[in-house]
Amino acid sequence: MDAIFLQLLNGLDKGGAYALIALGLTLVFGTLGVVNFAHGALFMLGAFCAVSFQKLLTISMKVRDESITFFEAYKEVPYLEIWFGDFGSMIIDWSVPLSILLTIPTMLLIGLAMERGLIKHFYKRTHAEQILVTFGLAIVVQEVIRHFYGANPIPTPAPDIISGSAPIGLWLGLSENLVYPWWRIIYLTFSIIIITAVFAFLQLTTFGMVVRAGMQDREMVAMLGINVERKFTIVFGMAAVVAGLAGMMYAPILPPDYHMGMDFLVLSFVVVVVGGMGSLRGAVAAGFLLGILQSFASLNEIKSILPGIDQIIIYLVAVVILLTRPRGLMGRKGVMED
Amino acid sequence: MNFTKTRSDLTVMLIFSIAVLTMPIWLAPIGAGYPDLLQKFAIFGIFAIGYNILFGLTGYLSFGHAAFLGIGSYTAVWSFKLLTMNVLPAIFFAVLMAGLFAALIGFVSLRRSGIYFSILTLAFAQMSYNLAYSVLTPITNGETGLQLTLQDARIFDGPAGEGLPSTELFGISMSGYSGFYFCAVVLIIAFFLSLKIFRSPFGMKLQAIKSNQTRMKYTGFNTRPYLMTAFIISGMYAGLAGGLMAVTDPLAGAERMQWTASGEVVLMTILGGVGTLFGPLLGVGIIKYFENIFSAVNEAALHNFFSFLPGFLENLMVTIITPFVGEGWHLTLGVLFMVIVIFLPGGIMEGLDRIKKRYKTEGASEQTGDKE
């Protein structure tokens, strides 16, 4: 029972990341009609925003260690601690959550630059060419990151205060041994908040209404005198921010390395396909669904019956869905069914 | 393609064969005349030719062809381990296995087209890669990769003597130049087959599918069997290439199946020119050659190269170029990929065509000028 509950949480967690990336992919595909293979790179860039910000805050100087008196010893003390004392060290502790503030504008800028600089020129080209050029872009971004940060994963721990585990077993009246890392709970909450925010933005604001209308019938909206292209560019920036935030918050869970984007991208594409190309709700639902399926498949009891199932379950589901219901779980009828 | 149609296919084949077989001679001046690299040219040439039959003729963008390459390699190594060190059965089984898997994967993937096809093939390739790394370890030897051992059965060869045996073709060892010539002969045969496919009614039908599949269907034409055949053939080519990889170096690892490997063959085909006969080969040559040069260059070599410049300029140039060489070769590859897709989607062959056209029109206008 405990194990099942834990796997459910694990799945929701992973599903949160899948859902956030898939949401961005779907937004971009639905609005601009572009298949963006570089979306995983945005996720990775978000994670590296967290890394950079942490590094930036902990720039240190060598100070003589007073506690050792036998010989001259030095230790590294961050400038922030020297200047602000306890407040400084608190800032450093909270660097990962604080980098949200930094990540949003950075990712927005990167997203806008990407759209204006490259994607814009590919609206009218074939899907194959879109895939190829964004694939190339993904390689470039990935290699640039590798050049600056190296090939090894960079551990980026969560703040000390929330590094422990939450006794969820006690809260729910299950066994006391059932604990779950705080950060993962925060991640899940965070992803739900972001998803809600995106949906609220699309459903409740005028801007969102125009975007939805544009997804339905772009020409008609343009004919009403609305600059659809500009709105869609902003949507692309938004998708980049969502992917970046997803990656940034994921950094304490999985130490970021340069190819994490590719790994997540392939899975997220599968998620989009399962959910239905162009369906935002489908992307979110399929993200959580596949996340849960994957973590249940990695239960030892299931692995002993079907070895290796945890590695391929997502792909298997995708193949079955594509063959039986090509438009995906929640795709609109007639959209991309061939 | 016009370039080839004006001459008879026989001449094309003859020139091609001579060019391939004399590669060690005419590639020597640019530093590519050694067997390791030449083998790579031939092997990846076969891979790209096969990929071109699918992507170039039908326009179906597969992102999972590396899976067949890996399957070919594993099968060949198993043939070395179980049967004999002779390369012929190894290659036969490699092609057969890759063909079987291509039939299986093609049967499912080809029910969809466009992006769905790309994602499906990608999903299958990732699936094979993940399985090769984890559950199938008894067959694939997981992370270490499949290798020959002294305990292998080798039914036809009998027990191994001292040390590991090497691959051979009726007594000729398949390393160094003999390995290259073997690959070269296979490449020539593979190219001949692809030429025949391009010229055949079958090839015409594949091209018709690319230009307008719906219209093909309206004329009462079932496109599926043709697509299936093209997919299986290109899968078998990939298996052949994988088998040859094992022939020249008898080990197989899962990383050969990774989707970046699939991306590489796409890039080679596009760089040279999709759907052209020689394009893919040209792409392979360029990429493998520069990979070889670029990944060997390091900072010291760059300093040497730019030493004629004044000090600060030298340092500047080195700082700019360093990220693109050595370990950063993939960055160059990515940039190249983007540049080609953006500016020259038809690849180098299209570029040559454009130059030729411009030259021709200029020549024509000059002639008319003379008349006046």
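In which helix of chain A is the place of A:Phe264? A:Phe264 belongs to helix 12 of chain A, which spans residues 260-275; helices here are DSSP runs (H or I, at least four residues), numbered from the N terminus. This is a predicted model, in which local features need pLDDT of at least 70 and side-chain atom pairs count only at pLDDT 80 or more, whereas totals for chains, interfaces and linings use all residues. Residues are numbered from 1 along each chain as its sequence is written, chains are lettered from A and ligands numbered from 1 in the order in which they are written, and side-chain values use heavy atoms, with hydrogens and water left out.

With a relative accessible area of 9%, A:Phe264 is buried. Buried means under 20% relative accessible area, exposed over 50%, and partly exposed in between, for a 1.4 Å probe and protein chains only. Apart from its neighbours within four places in sequence, A:Phe264 is in contact with A:Ala17, A:Tyr18, A:Ile21, A:Phe43, A:Tyr250 and A:Leu254, where contact means heavy atoms within 4.5 Å. A:Ala17 is 247 residues away from A:Phe264 along the chain, yet their C-alpha atoms are separated by 8.7 Å.

Two packed helices are described by the angle between their axes and the distance between the axes. The axes of helix 2 (residues 39-57) and helix 11 of chain A come within 6 Å and cross at roughly 50°; axes are lines fitted to C-alpha atoms, for helices over the stretch in contact, and angles run from 0 to 180 degrees between N-to-C directions. Helix 2 and helix 11 of chain A are therefore oblique to each other, given that angles under 35 degrees count as roughly parallel, over 145 as roughly antiparallel, 65 to 115 as roughly perpendicular and the rest as oblique. From helix 2 of chain A, the residues in this contact are A:His39, A:Leu42, A:Phe43, A:Gly46, A:Ala47 and A:Ala50, and those they meet in helix 11 of chain A include A:Ala239, A:Ala243, A:Gly247 and A:Tyr250. The residues of this contact divide into 10 nonpolar, 4 polar and no charged. In this division Ala, Val, Leu, Ile, Met, Phe, Trp, Tyr, Cys and Pro count as nonpolar, Asp, Glu, Lys and Arg as charged, and the others, Gly among them, as polar.

The structure holds 8 salt bridges over all chains, each a side-chain nitrogen of Lys or Arg within 4 Å of a carboxyl oxygen of Asp or Glu. In one of them, the side chains of A:Glu229 and A:Arg116 meet at 3.4 Å, N to O. A:Glu229 lies in helix 11 (residues 228-250) of chain A and A:Arg116 in helix 5 (residues 95-117) of chain A, so that the pair links parts 113 residues apart. A:Glu229 is partly exposed at 32% relative accessible area, and A:Arg116 is partly exposed at 33%. Together with A:Glu115, these two residues are linked in a network of salt bridges.

A second salt bridge in chain A joins A:Arg184 and A:Asp13, again at 3.4 Å, N to O. Because A:Arg184 lies in helix 8 (residues 182-204) and A:Asp13 in helix 1 (residues 2-32) of chain A, the pair ties together parts that are 171 residues apart in sequence. A:Arg184 is partly exposed, with a relative accessible area of 23%, while A:Asp13 is buried at 2%.

B:Glu264 is in helix 13 (residues 259-272) and B:Lys288 in helix 14 (residues 279-296) of chain B, 24 residues apart. Both B:Glu264 and B:Lys288 are buried.Helix 4 (residues 35-58) and helix 10 (residues 201-211) of chain B pack at an angle of about 50°, with their axes 7 Å apart, and this makes the two helices oblique. The residues of their contact divide into 4 nonpolar, 3 polar and 1 charged.

Helix 7 (residues 114-133) of chain B holds B:Asn130, and B:Tyr129 is found in helix 7 as well. B:Asn130 is buried at 15% relative accessible area, and B:Tyr129 is buried at 13%. Beyond its neighbours within four places in sequence, B:Asn130 is in contact with A:Gln311 and A:Tyr315, whereas B:Tyr129 is in contact with B:Ala254, B:Glu255, B:Met257 and B:Gln258.
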